[in-house]
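Subject: The structure I promised you

Hi,

Here is the structure I said I would pass on, with some notes on its pockets. Please open it and keep it beside you as you read.

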Amino acid sequence: MSQNAKHLAVAGATGAVGIEILKCLEQRNFPVSKLTLLASARSAGKTLPFRGEEIEVQELTPESFADVDVALFSAGGGISKTFASHAVRAGAVVVDNSSAFRMDDGVPLIVPEVNGGDAQAHNGIIANPNCTTIVTLMALNPMHKAFGGVKSILASSYQAVSGSGAQGIAELEAQVEALARGEDCPAGSVYPKQIAFNVIPQVDVFQDNGYTKEEMKMHFEGQKILHAPDIKASVTCVRVPVFRSHAVAVTAVFDDKPSVEAAREAISAAPGVQVVDDPFADPAQFPTPLDCTDGDDCLVGRIREDLVLDKALTFWVVGDQVRKGAALNAVQIAELL
Ligand code: NAP
């Protein structure tokens with residue numbers, strides 16, 4: 001075993017993101033000396049597979065972090081607020097997938113391909129950004145660098161139900177299956193309206209300004225990650241009946257005049273993101289959520305000069321939000337450590 005091997009803990013190991021974290025650790029051959037899997041009392045005693053072994057899940061308690069080097073949290077903001085400090089006191093570095101600490105001073109908010117250098121300035125906690133923000137910035141950052149900086153962003157998201165965790169997936173499945181059998185649609189508990197065969201323009205709770213919390217995350221988190229406090233983002237986040245991977249339609253205004261060709265070149269040269277953009281091929285080439293699911297890279301297409309705004313491009317980006325939007329990004333942060 002490598003001398004750099006770490007004792008990792010995953011808090012929320014049984015959830016959609018936790019299970020994907022285990023996959024990413026395996027696939028990336030992360031040097032793990034010991035793996036502690038934590039979840040609620042409901043899951044204590046269950047086992048999860050890792051590198052050919054079955055590892056028992058333990059109930060998360062304040063004492064769970066003895067000897068842990070890195071604790072990956074994906075159990076929701078409330079759990080992070082309650083338990084992250086215990087992990088830090090025990091000497092672990094916390095990589096947190098929730099929104100609990102993202103905007104706190106002294107907590108780096110990291111997309112490794114964009115601002116990985118910021119990670120070293122942590123005080124024990126590093127935050128993983130919002131998944132829609134990560135997917136958007138993976139496409140936008142190469143253009144931000146190529147065209148003198150982004151000034152403003154207009155975006156609409158098409159967000160998969162797995163973004164709401166295992167319960168979102170179950171709600172869509174149950175509704176689609178019932179409707180396919182000709183039965184009444186079962187009432188849901190995750191979404192405010194039927195999600196099967198529908199789209200819902202509400203992700204997270206509404207704020208006083210009429211935007212949702214999810215929409216404001218792109219505004220505030222984008223500023224922090226790009227070190228650009230003047231960037232403004234006006235976003236509409238929409239839940240769609242797709243199981244996995246988010247899509248975002250973005251119009252971005254830059255300081256310099258952008259071109260489609262230069263944008264394609266800048267994106268192609270950047271890590272973690274690929275251009276899939278040939279509208280005149282037969283069939284036309286553009287990325288969809290299914291094309292990026294289970295993959296590491298975000299895919300960008302439909303890049304064109306905006307017809308309304310000066311110095312602006314409009315484009316479409318898709319990314320697996322359970323993976324790059326959460327699990328993979330967190331594991332990449334752990335790799336930076
Ligand atoms: P999920 O599928 O609902 O899983 C939640 C996890 O938290 C489960 O392992 C659950 O354990 C655990 N948990 C719940 N209550 C607990 C408690 N009282 N004590 C200990 N563990 C508890 O949710 P998810 O989608 O994986 O999301 C997890 C976090 O990642 C959230 O903060 C979410 O906002 C964030 N995130 C999610 C995505 C995404 O695409 N899903 C993307 C970015 C960020 P049990 O199985 O025992 O209940």
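Below is what turned up when the pockets were computed. Please keep in mind that this is a predicted model.

Let's begin with the largest pocket. The volume of this pocket is about 1200 Å³, and 47 residues line it. If you want to find its centre, look for V17, G76, G163, S164 and G165, the lining residues that lie nearest to it. Several elements give two or more residues to the lining, among them strand 2 (32–39), helix 2 (77–89) and helix 5 (166–180). Helix 1 gives the most, with three residues. Sorted by class, the lining has 17 nonpolar, 23 polar and seven charged residues.

Now for the second largest pocket, which holds about 190 Å³ of space. Its lining is made of 13 residues, and S99, M103, K213, K217 and E221 are the ones nearest its centre. Helix 6 supplies the largest share of this lining, five residues. The classes here are five nonpolar, two polar and six charged residues. Domain 1 and domain 2 each contribute at least three residues to the lining of this pocket.

Best wishes

Conventions:
Residues numbered from 1 in each chain as written. Predicted model: local features only at pLDDT ≥ 70, side-chain atom pairs only at ≥ 80, totals over all residues. Heavy atoms only, no water. 1 Å grid on protein atoms, 1.4 Å probe; cavity = no way out; pocket = protein on both sides within 12 Å on 5 of 7 lines; lining within 4 Å. Points joined across faces, edges and corners; volume = space filled by probe spheres on them. Helix = DSSP H or I, 4+ residues; strand = E, 2+ residues; numbered from the N terminus. Nonpolar A, V, L, I, M, F, W, Y, C, P; charged D, E, K, R; others polar. Domains from an automatic or database assignment.
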